[in-house]
Amino acid sequence: QVQLVESGGGLVQAGGSLRLSCVASGSFFSIGVMGWYRQAPGKQRELVATITSGDNINYADFVKGRFTISIDNAENTVYLQMNSLKPEDTALYYCYRNAQTSFGGPRMGYWGQGIQVTVSS
């Protein structure tokens, strides 16, 4: 059974930093895109950053130069280093992973439960 667990969120003042972590448990035959999305109250979920095992990285324009996504060598943890945080970064942040859990099995998207990031002005 696949499970994604986020940590590292919290309350920070504008200009501060936080580092989110997402640990994946379960068995993966192959891993596709991994990344972070966010959803603010009253808004749709939006992409923040994605990364592949080949280090193909994509950032939303509103985080370029401030956020950095990375993975560990075992590829079971994805990080999001967030610097120069702004009040508009306040949202529930979700970890995402696209993967196959067995040979020939379907490629599916998996989500974490979400973690709150609040940036005060």
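Which residues does arginine 38 touch, not counting residues up to four places away in sequence? In this model, which is a predicted one, arginine 38 touches Gln44, Arg45, Glu46, Val48, Phe62, Val63, Phe67, Glu88, Asp89, Ala91, Leu92 and Tyr93.

Let me place this residue for you. Arginine 38 lies in strand 4, which covers residues 30-39. Its relative accessible area is 6%, and because buried means under 20%, arginine 38 counts as buried.

Tyrosine 93 leads us to the next topic. Leaving out residues up to four places away in sequence, tyrosine 93 touches Glu6, Leu20, Trp36, Tyr37, Arg38, Val48, Phe67, Leu80, Met82, Gly114, Ile115 and Val117. The largest nonpolar core has 31 residues, and Tyr93 is among those that touch the most other members, together with Trp36, Leu80 and Met82. Two or more residues of this core come from each of strand 3, strand 4, strand 5 (46-51), strand 7 (67-71), strand 8 (77-82), strand 9 and strand 11 (115-120).

I turn now to the disulfide. How many disulfides does a search of the whole structure find? The search finds one, and this disulfide joins cysteine 22 to cysteine 95, with an S to S distance of 1.9 Å. The pair links distant parts of the chain, 73 residues apart: cysteine 22 sits in strand 3 (residues 18-25), and cysteine 95 in strand 9 (residues 91-100). The torsion about the S-S bond is about -85°, and therefore the disulfide is left-handed. Cysteine 22 is buried, at a relative accessible area of 1%, and cysteine 95 is buried as well, at 2%.

Strand 3, which holds cysteine 22, also takes us to a sheet. Four strands form an open sheet in the order 1-3-8-7, with antiparallel pairing. Why is one side of strand 1 and of strand 7 left without a neighbour in the sheet? Strand 1 (3-7) and strand 7 stand at the edges, and each has a single partner strand, so one side of each has no neighbour there. On average, neighbouring strands of this sheet are turned by 15° against each other, direction ignored.

Finally, one pairing in more detail. Strand 1 and strand 3 pair in the antiparallel sense over five bridges. Leucine 4 stands opposite alanine 24, a residue of strand 3.

Key: Residues are numbered from 1 along each chain as its sequence is written. This is a predicted model: local features need pLDDT of at least 70, side-chain atom pairs count only at pLDDT 80 or more; totals for chains, interfaces and linings use all residues. Side-chain values use heavy atoms; hydrogens and water are left out. Buried means under 20% relative accessible area, exposed over 50%, partly exposed in between (1.4 Å probe, protein chains only). Contact means heavy atoms within 4.5 Å. A disulfide is a pair of cysteine sulfur atoms within 2.5 Å. A nonpolar core is a set of buried Ala, Val, Leu, Ile, Met, Phe, Trp, Tyr and Cys residues joined through side-chain atoms within 4.5 Å. Two strands pair if DSSP finds at least two bridges between them. Axes are lines fitted to C-alpha atoms, for helices over the stretch in contact, and angles run from 0 to 180 degrees between N-to-C directions.
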